[in-house]
Amino acid sequence: MTRLGPLAVPIALIGLAVTGLAAPVISQDSLRKSVRSVLDRAQQRIESRSDIWADHSQWESAWEIETDDLVIRTTRSFAFANSVAVGQQQMIGWFRSILGEGAGLQSKLVVNIWPDRTRYNAAGEEFGADHSSYYGSFLAARPEGLSVEAAWDPVAEFDGAGNELFCQMQITHSLLHGYVAQAFPSASLPTWTIEGLAEYFANYWSKNWAMARLQLVRNENRQVDVGDLLVTSEADFNDSQANARMITLGMLFVWLMEHREDSKLQPLVKDQPAEGPFLSFLLAGLRGQDMDTHPFRRTLGDVEALLEEFNAWSLPEDSADGR
């Protein structure tokens, strides 16, 4: 599933630069300053741990940058490695803010960004490609621990989305899988929920771009019905509708988590766990509880009403990706 052929077209939801990552609810100036301060300190730590003058053009001497929760490896450049490290560490912060700490990360998650598709495909063959992602990224179970395997594509352009942000997007999707595997080892989630969560956080990079992709899918009559999404299996992300299914699923989560009145998150409060009806449903699965008995399951059961409301929804015209 993770193999990329010479004509593969990467489809993902790409958007803003790292410093413009969107938040679901928080928009206060004080939070922006706080986040910026944290990122500045993280970058200083990263630079202090790195030999920026050595030759890192070969994988054996690749850049290896550590953050509190991650190890990033790439042969591209220090600037790129640093950008990935800072951005993905921030995403780990959002995972914790929304989903909670759970059991915590037992070890640092490694992110290997391979310099070409050949090396990436080799990693897939060695460590398994049993993952539902339809683009060049997957979570590998190496003997030494979990790692995100991603492919750097020098020509990855899709509707104006740059290849560097495309790579960041892929990593975020797979990183969520790694975070859940470590922090919630008892999780029992249907495929559509774990894939929806992964794409939901990936959409942080630009919900406006994602909405444009969803609208295109709608206009071309390729949108997958909500009823079909709610029974999505691993195999469904390997068929001709995989692209439309992931786009629709990701934006369904944006709608349920941030916009639908009876399901969305409540405004986040510092040092307090996130709350919301749909989130509560997801957390039940993360904790290994029976999701079918959760009260929100009844809302999902009225598929026709859900589909009609979702099809009529779009992001507000004044919606901004940055905060």
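## Exercises on a predicted chain

Of the 323 residues in the chain, 54% count as buried. The model is predicted.

**Exercise 1. Find how far the model can be trusted, and where.**

Solution. 
- Step 1: Take the whole chain. Its mean pLDDT is 81, and 76% of its residues reach 70 or more.
- Step 2: Go element by element. Helix H1 (residues 29-48) has the lowest mean pLDDT, 62. Helix H9 (residues 277-286) has the highest, 97.
- Step 3: Check the start of the chain. Over residues 1-27, pLDDT stays under 50. The model has 103 contacts beyond four places in sequence for this stretch.
- Step 4: Draw the conclusion. Where pLDDT is low, the predicted coordinates should not be read in detail.

**Exercise 2. Decide which side of helix H3 (residues 117-127) is covered, and by what.**

Solution. 
- Step 1: List the buried residues, those under 20% relative accessible area. In H3 they are Arg-117, Tyr-120, Asn-121, Ala-123, Gly-124 and Phe-127.
- Step 2: Recall the helix rule. An α-helix has 3.6 residues a turn, so residues three or four places apart point the same way.
- Step 3: Turn to the face away from the buried side. The exposed residues Thr-118, Glu-125 and Glu-126 sit there.
- Step 4: Name the cover. It includes strand E3 (109-114), strand E4 (137-142) and strand E5 (145-151).
- Step 5: Look at the start of H3. A side-chain oxygen of Asp-116 comes to within 3.2 Å of the backbone nitrogen of Thr-118.

**Exercise 3. Describe the two hairpins, E1 with E2 and E4 with E5.**

Solution. 
- Step 1: Start with strand E1 (residues 63-66). Trp-63 and Ile-65 make up its covered face. Glu-64 and Glu-66 make up the uncovered one.
- Step 2: Find the partner. Strand E2 (residues 70-74) runs antiparallel to E1, joined by four bridges. Trp-63 has Thr-74 of E2 as its bridge partner.
- Step 3: Find the link. Three residues join E1 to E2 in the hairpin.
- Step 4: Move to E4 and E5. They are antiparallel too, with six bridges. Leu-146 in E5 is the bridge partner of Ala-141.
- Step 5: Ask how enclosed E4 is. Five of its six residues are buried, so E4 is largely enclosed by the rest of the structure.

**Exercise 4. Trace what Leu-189 touches.**

Solution. 
- Step 1: Locate Leu-189. It is in the loop between helix H4 (163-183) and helix H5 (191-202).
- Step 2: Leave aside neighbours within four places in sequence. Leu-189 is then in contact with Ile-194, Leu-282, Gly-285, Leu-286 and Met-291.
- Step 3: Compare sequence and space. Leu-189 and Arg-287 are 98 residues apart along the chain, yet their C-alpha atoms are separated by 9.3 Å.
- Step 4: Widen the view. Take the chain's contacts between residues at least 6 apart in sequence: 70% join residues at least 24 apart.

**Exercise 5. Examine the positive phi angles of Asn-221 and Asp-271.**

Solution. 
- Step 1: Recall the rule. Most residues other than glycine have a negative phi.
- Step 2: Read the angles. Phi is about 55° for Asn-221 and about 65° for Asp-271.
- Step 3: Place the residues. Asn-221 is in the loop between helix H6 (207-219) and helix H7 (226-229). Asp-271 is in the loop between helix H8 (242-258) and H9.
- Step 4: Check exposure. Asn-221 is exposed, at 71% relative accessibility. Asp-271 is exposed, with a relative accessible area of 71%.

Conventions
Residues numbered from 1 in each chain as written. Predicted model: local features only at pLDDT ≥ 70, side-chain atom pairs only at ≥ 80, totals over all residues. Heavy atoms only, no water. Buried < 20%, exposed > 50% of the residue type's maximum accessible area, 1.4 Å probe, protein only. Contact = heavy atoms within 4.5 Å. pLDDT = per-residue confidence, 0-100. Polar contact = N/O pair within 3.5 Å; in protein donor to acceptor, adjacent residues only side chain to side chain. Pairing = 2+ DSSP bridges.
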